[in-house]
Amino acid sequence: MSTTTVPRVTTSRAPHAADDNGWPQLIEAVRESGLYPTRTKAEQVTRTVLAALGTHVTGDERVDLARALPGEAARLIAAEIPATHRLTAARFVDEVASRTPGATSATARWDVSSVLGTLPPLIGDDLVTRILAQLPAGYALLFGRADLTPAS
């Protein structure tokens, strides 16, 4: 009788992602990072940016991102239908501006950087690196990293 090793599937999420206890902390981190005057503004910005990001992160990275985030943030990522083509970082910022009443490209870039810049400590550098590998050049700056991609 032969025995076969079956890969073990892990369905557990990061401890902070198991419930929404991490959501208020994420909103507070975004509020502080973006210097938003209220938690309400920080939450609106966070929801807009994460929903937009959810359309551009795919595959295992999308699943791992959702697992690493607080429940409410994970739902925002998972609720979006993946885009058929990736936007450049500048076009991504413009997309966020179009989803935000009264926003300009400059204010949307601030919003995107304020939200995405809070993610690396929460989701880990390895996952950020994997996400950046599937996105066009230019996103590293939005995550608060130096963009070391050679110019084409």
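These are my notebook entries on a predicted protein model, written as I looked things up.

**Ground rules**

Residues are numbered from 1 along each chain as its sequence is written, and side-chain values use heavy atoms, with hydrogens and water left out.

**Entry 1: the overall fold**

I began with secondary structure, taking helices (H or I, at least four residues) and strands (E, at least two) as DSSP runs numbered from the N terminus. The protein has nine helices and zero strands, which reads along the sequence as α-α-α-α-α-α-α-α-α.

For single residues I call under 20% relative accessible area buried, over 50% exposed and anything in between partly exposed. Of the 152 residues, 41% count as buried.

Then came contacts, meaning heavy atoms within 4.5 Å. Among contacts between residues at least 6 apart in sequence, 69% join residues at least 24 apart.

**Entry 2: Thr 100**

I moved on to a loop residue. Thr 100 sits between helix H5 (89-99) and helix H6 (105-116). Is Thr 100 buried or exposed? Its relative accessible area is 9%, so Thr 100 is buried.

I also checked its polar contacts: pairs of N or O atoms within 3.5 Å, where within protein one must be able to donate a hydrogen and the other to accept it, and residues adjacent in sequence count only if both atoms are side-chain atoms. The Thr 100 side chain reaches the backbone oxygen of Val 96 at 2.9 Å. Setting aside neighbours within four places in sequence, I find Thr 100 in contact with Gln 44, Thr 48 and Asp 111.

**Entry 3: helix H6**

**Entry 4: aromatic rings**

For ring pairs I took Phe, Tyr and Trp (its six-membered ring) with centres within 6.5 Å; planes under 30 degrees apart are stacked, over 60 edge-to-face and the rest tilted. Searching the whole structure gave me one aromatic pair. The ring centres of Phe 92 and Tyr 139 are 5.5 Å apart with planes at 55°, so I logged the pair as tilted. Because Phe 92 lies in helix H5 and Tyr 139 in helix H9 (residues 139-142), the pair ties together parts 47 residues apart in sequence. I noted both Phe 92 and Tyr 139 as buried.

**Entry 5: Leu 26**

Back to helix H1, where Leu 26 is found. Leu 26 counts as buried at 5% relative accessibility. Leaving out residues up to four places away in sequence, Leu 26 touches Thr 46, Leu 50, Ala 73, Thr 118, Leu 119 and Leu 122. I also looked up Glu 43: Leu 26 and Glu 43 are 17 residues apart in sequence and 8.9 Å apart in space, C-alpha to C-alpha.

**Entry 6: salt bridges**

My salt bridge rule is a side-chain nitrogen of Lys or Arg within 4 Å of a carboxyl oxygen of Asp or Glu. By this rule I count ten salt bridges.

- Arg 31 pairs with Glu 28, closest N and O atoms 2.6 Å apart. Arg 31 and Glu 28 are three residues apart in helix H1, so about one helical turn separates them. Arg 31 is partly exposed at 24%, and Glu 28 is partly exposed at 23%.
- Glu 43 pairs with Arg 47 at 2.9 Å between the closest N and O atoms. Glu 43 is partly exposed at 26%, as is Arg 47 at 30%.
- Asp 126 pairs with Arg 130, closest N and O atoms 4.0 Å apart. These two are four residues apart in helix H8 (residues 125-134), so about one helical turn separates Asp 126 and Arg 130. Asp 126 is exposed at 55%, whereas Arg 130 is partly exposed at 25%.

How values were computed:
Predicted model: local features only at pLDDT ≥ 70, side-chain atom pairs only at ≥ 80, totals over all residues. Buried < 20%, exposed > 50% of the residue type's maximum accessible area, 1.4 Å probe, protein only.
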